[in-house]
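Visitor: I am new to this structure. Could you walk me through it, one question at a time?

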Amino acid sequence: MTRIHHAQIVANQIPFCSTQTSWSNSDDFLIRLNTKRHEIASNSELISVTMDYETKNKAALQTHNPFRFRRANPMKWNHRIGFRFIIVLCGFGWNASTRADEFDFFESQVRPLLFDHCYKCHSEKKTGGGLSLESPSDWLKGGDSGPAIVPFDPDSSLLLEAVRYQSLEMPPQEENNRLTPAQIAVLETWIRRGAHAPERVTAKIGGMDHDAAKKWWSFQPLAAINSPLTSKLIDQQIDSQIDEHNLPHLPIADKRTLLRRVTYDLTGLPPTPDELQDFLDDSSEQAFSHVVDRLLDSPQYGVHWGRHWLDVVRYADTAGENTDRPLPHAWRYRNWVFDAWNQDLPFDEFAMKQIAGRLPSHDLQAELDGEGIIATGYLAVARRFGHDIDKDMHLTYEDVIDNLGKSFLGLSLSCARCHDHKYDPVTQEDYYALYGIFASSKFSYPGCEPFGQPKDLIPLVGEEQVKTIQAKHRMEIAAFESVLGVESAQSETIADLMSQSSRVINEQRVNEGQTVPIPSNDSGNSKPISMRKGELLTITIMPNENHGADTTQIVWQIQSDLHAEQSWHSDELIDHFSKGQPTIRIRQADWLLIDRSSTPQLLRNPNQNVSNVPALVSFTNAELPSALVNQSKDSVAVWTNLPGRALFLHPGPQQNVAIGWICPEDGSYSISGSITDSHPAGLDGVSFRVEHFSEPALGREFATLSELNLRPKPVRPPDPVIPVAYGVVDGTPQNSALHLRGDPEQPQDAIDRRWLDIFGGKVLKRPDKSGREELAEWIAANPLFSRVIGNRIWQWHFGQGLVETANNFGSRGAAPTHPILLDQLASHLVSSGFSIKSLHRLILGTQAYQRCSQSGPSQQLDPNNRWLSGFSRRRLTAEEIRDSLLFAGGEINLNTATSHPFPPEREWTYTQHNPFTAVYPSNHRSAFLMVPRQQRHPYLAIFDGADPNTSTPRRQQTIVPAQSLYFLNAPFFHEQAKLFSTRFSNIQDTRQRLNAMHQTVFTRDVHQEEFDLYRKHLGSHAESLETGWVGIARVLLSSNEFLYID
Amino acid sequence: MRLQRRSFLQSAICGSPILSSVINKENLIASNGIGQTHFAPKAKRVIFLFMTGGVSHVDTFDPKPALTRDHGKEIKADHPEIKDRPGYERIFLKKPQWEFQPYGQSGTEVSQLFPYVAQCVDDIAMIRSMHTSHSNHYNATLGMHTGSFSFSRPSIGSWVTHGLGTENRDLPNFMVIAPQQTYAGTQVYSSDFLPARCQGTLVIPGREPIRNIQPRITTAEQKEQINLLKAINNLYLADRNHDTRLSAQNSMMDTAFGMQTAVPDAFNFSQESEQTLKLYGVEPGKTTGFGWQCLAARRLIERGVEFVELIDTGSSGNWDAHGDMMTHVSLAKNVDQPIAALLKDLKRSGLLSETLVVWTTEFGRTPFNSSADAKGREHHPWAFTSWMAGAGVKPGIVHGATDEHGLRATDDPVHVHDFHATILHLMGFDHEKLTYRHAGRDYRLTDVHGTVVKSLLS
């Protein structure tokens, strides 16, 4: 027989999930299917179906059926809460025996063909092209190309077209598995007779049978509780299970152990000796609850428990896209989380603010408050993907939906991006119903390689205040620019005058390393130049072929014909350079150093000690061009050998530079001197040009420019600081299309924004908004919400939850060990107004929490300590280890840290070739460390820190050599150990010093056996006792007692 | 030859309470396959040579005479890299800049860029029909390492070490020698959700090749410290001796201590003959260059390391020759002789018969550009060449082909997933069965894809 029990196939787990859209074949399925072949179930389980497109009559046979009508559907398939109604084809005078005959024909003749030729690619497991051929609903729904079979009409059936190789060609040629004409005829006959076949037995929502889904434990309303929850009631449940499993009830731990346990538990830090003394001195029955109250009031509580939450929401300080851009404002969300835990913000409010930015019940007119906007940092810190992050926003929404589902509902909703959830009652429509809500929201933009800088950050001050700040900034900029404006106007005036009056006396090339004399005029004879007072003479140095710069020495003498004794020499400038004046007046004549890159500018900024040589002084505006002197008698070797007592001009690429001389008196002047390429390294030398500008106004205009230059240099006003949040606000409200197989390039019909089908599928009441507020309400009202957070709190106290899979309360998650207790915790949260601190008090008050750590016998009986006969010893987390090291070294900064020292946003040029990779050291608590995404934080990665790319429901506690290497050789560890040991170096007595150290890290004195070991150790370091003490410090800080909490 | 693989902690991991604390139980179910291959492996270990930036296939291992013939001819292509890119409205074929010639008995053609590797073609199975799913460095690099082109997932080295499940006493099982960081950061050798012991250990050639491996105090002081620590830990252990985590901390300290010797020893070439150093092109005392990396790789596998990846350059200054194909010259020169040396050396010692050597890059380079005279080539995910050699690989063959211009992988295309499936197959794993349960579902390296390329197998 070749019949298949459908329920079996349906139940056959499909373990993998595609995030991409190509499909490949597998022999594996055939093998598995073969093993599944056996007798068909009794006919009574089978229902034959077809569909009636016109009829949506809910009174028709009430059987739920997973039909899909995407492309196959001639009418628009607007969402209709999940279940599709089917009609049994029973109106054609069928009786049971006819039906059985038809089914028999299918199973004996048709199914084997489909099995041998089609199922490899088109079955429940592999729906190539979106098509499965396992049941009527599958082939009527069809795949990407439409319905595969039209009953009674073979020629309109795509399946027939395909096997006949008319349009599609199936099975593909290369499979060598084409159907014979006789086989095709069987298919034809079957379709002509109506393509009857048994439907799957069960109706499903997503990956779960409908009935099972409705009864799934975690979806049920919370069990009613009659009396308020107490620690005692919790203990009753734990104790009864301990008894049930014949386990010992371990005794209550001693006070020191308890204090250490609860202090690390609530604050992530060790207790101090004083705190222990207080606890020991408090003999009241409430002693422990006094400790708990004190710790819950400590601001360190919020940092530690807020960090638990940041694990869940995969908090990071970078965006994760290809350049891993920093998120300079994400810290506000981080700190808001810490504050919220400290203030015991009701957890439903905490959740709703993160999703919606506000409480839905608040006045709709009220503007979004700053705190709420910061809270939406939860959504905004979603990972960004790819090069141009807008193109991969569908992946960011997936990350959002994935995290939302896991964090608040314990459901893996993102599994339904490409297809219905394989195990849980979540459909692909559900996914896109939620997707629309986030696509209707506007996320702050972190920037990415093609679109550099962040935008859409949300100001945390009112619009008026923003306007005021911006207006002030505009005025400052205007003032700044007006100063520059006057200068540039002056420069332009000069440029005009110069261009109208220019006469080139000579222009020559100076080859590499050469010296060329300055000719006195263009005709080569020694006829003097006739000049009027105020006219300008210049020598301009130009790089050849624009290859940039050569240091060019200028020697230039100007001799008055009128007065033989009156002459000027450029060497006279050498000592004047130190005076820092841009124009140098010598005997009524002004010397000028002119940047001729564009309109003339005076080189105005003096630089002493160029290249760390005191004798070198230069004038520049930017790096190049420059004018430079060597004031020493000796030559100096810098980038080249610069001769002593010399003046140089240094052009840049396309940046000419000139020395100018303003004529002091009408007359004739003769010029002489030389130009030398002083940097014979390149190949192309420089050129120079001697120019006379016969415009007497130039002297005055340059004097004016010089005055302007001498005014205090205007500084560009800094960018205005508007406090902003990296968050999410409403965008354009719109429903999103379902993406066929998760591919945004293949949009299908739009799906109404709504709640999950399995929870009733309510549509938005206000579709004119994104829907985040309503979503937040739906989530917070769901029993999963309070169960999931109740379970997390329990887990963070005990190391494991009542439901071991804290992020998965679906069918692949673990069942609760104490289901009633879980509901009681959840109900208590609801009735206490979601006060987490009140739940802490209940849990910490139990004997279960206060027992000794698991002993050998109890561990043998219950290796995973599911029944909590004792406490589960735990290793410190990465943050706790580092904080404890800082604490021991006495250097820990317990204040709240704010932003990270990221470079200013304006300067970012990160690319995938040069991504952001900084690591910032800090003595703040480790919860404030900057956590990047593309590179794991080098320290946190060693000790199982949270994954910044996906929700971490629970920290691992691995033991790997990298950790031991850290304790052997990490510089930070050595530093802290040294600080720890020297903190107590003033204590002379060995035992006292050891006690002080032990009190600091273990809250106890040194034991005698330990003392003996340490004394022996110190004895071998008699020559250098402090070295011995540092060794002890290292041992203490890497010991098991340091790393583990009993 | 020294093979020092030892089974360490394995019994503890598989049967004792250490597991319940070290690895959460969800993982336990999926970890049953640890230490067991699905069938007899052909390869015991992998050396994975990754060329960063995208090596041009048509200039190295995929000869295209028609491309030379049709140089300058305009073509049309709906290519992801040039779509909507200004200046690329029209594109023209651009000929390779290096000559090809056949080598060895197999006659496989190789260009002048790889004269040394060319001498080894009879040991190589050339795959000229590789293709990938993304044209960005970041995504394609991530895909080549993890099978995922967007998300953070375990790398292939982590999957292999997870599957093999051996505990190496002195050295990590998965080591990555990279002078600089390639694209996509540490994700490329991350164990992600796999157990931390499967994490790739980064080796940066130079003074402190592995983080925190360099002692800050003398060996004697360290020994003293460890002994004191153990004594103190043992006092603590007295009434807690059922907790194997605590004793594991002590033995892990021994492991770390051993690594401080084993790592420098692995990277100390002073015992290598002059002839060997010359073969690899290593200058004594210098740790720069791919020759150092290749010789270090051989020494690591001799010491039991199961997966060694060598990354030649970082995320800049690599094979990404947009501006000028001539940059391929120095990059090829850096790797060519050392790779050939590695193959010859492994063959000589017999290690090649149980070691899989894989050479790849993240994608190819376009056989066209916006003008035929353009000096560079762009990213090309449609086709590139990778190769395999050694254990279980059919030597001296060419698998698959691109079209006449090297534009598309046309004959027997091999996607990155198929490439991964084949590597896992050679290591004795069915890529569909090497799974890990995480966040409620089973993950695998090849996601839902991948077919073993049978014709590559000997």
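Predicted model: local features only at pLDDT ≥ 70, side-chain atom pairs only at ≥ 80, totals over all residues.

Visitor: How many helices and strands does chain A have?

Guide: Chain A has 1046 residues. Its secondary structure comes to 34 helices and 32 strands.

Visitor: What share of the residues of chain A count as buried?

Guide: Take the contacts in chain A with a separation of 6 or more: 71% of them link residues 24 or more positions apart. As for burial, the count runs over 1046 residues, and the buried share is 47%.

Visitor: Is strand E12 of chain A mostly covered or mostly open, and how many of its residues are buried?

Guide: E12(A) spans residues 536-543. The strand has 8 residues and is mostly covered. The number buried is 7.

Visitor: Which residue stands opposite Leu537(A)?

Guide: E12(A) pairs with strand E24 of chain A, residues 657-662. The pairing is antiparallel, over 6 bridges. In E24(A), the residue opposite Leu537(A) is Trp661(A).

Visitor: And which residue is the bridge partner of Pro543(A)?

Guide: E12(A) is also joined to strand E26 of chain A, residues 686-693. These two strands run antiparallel, with 8 bridges. The partner of Pro543(A) in E26(A) is Val686(A).

Visitor: Is Pro819(A) buried, exposed or partly exposed?

Guide: Pro819(A) is found in helix H24 of chain A, residues 819-831. Buried would take 20 or more other C-beta atoms within 10 Å, and exposed 12 or fewer. Pro819(A) has 17 within 10 Å, so it is partly exposed.

Visitor: What separates the centres of the two domains of chain B?

Guide: Domain 1 of chain B covers 10-209 + 271-456. Domain 2 covers 214-266. Taken over C-alpha atoms, their centres are separated by 37 Å.

Visitor: Which element gives the most to the side of chain B that touches chain A?

Guide: Here 66 residues of chain B are in contact with 68 residues of chain A. Elements giving two or more residues to this side of chain B include helix H6 (137-146), helix H9 (244-266) and strand E20 (441-444). The most, 11 residues, comes from H8(B).

Visitor: How many residues on that side of chain B are charged?

Guide: The side of chain B that touches chain A has 24 nonpolar and 28 polar residues. The charged ones number 14.

Technical notes:
Residues numbered from 1 in each chain as written. Chains lettered and ligands numbered in written order. Helix = DSSP H or I, 4+ residues; strand = E, 2+ residues; numbered from the N terminus. Contact = placed C-beta atoms within 7 Å. Pairing = 2+ DSSP bridges. Domains from an automatic or database assignment. Nonpolar A, V, L, I, M, F, W, Y, C, P; charged D, E, K, R; others polar.
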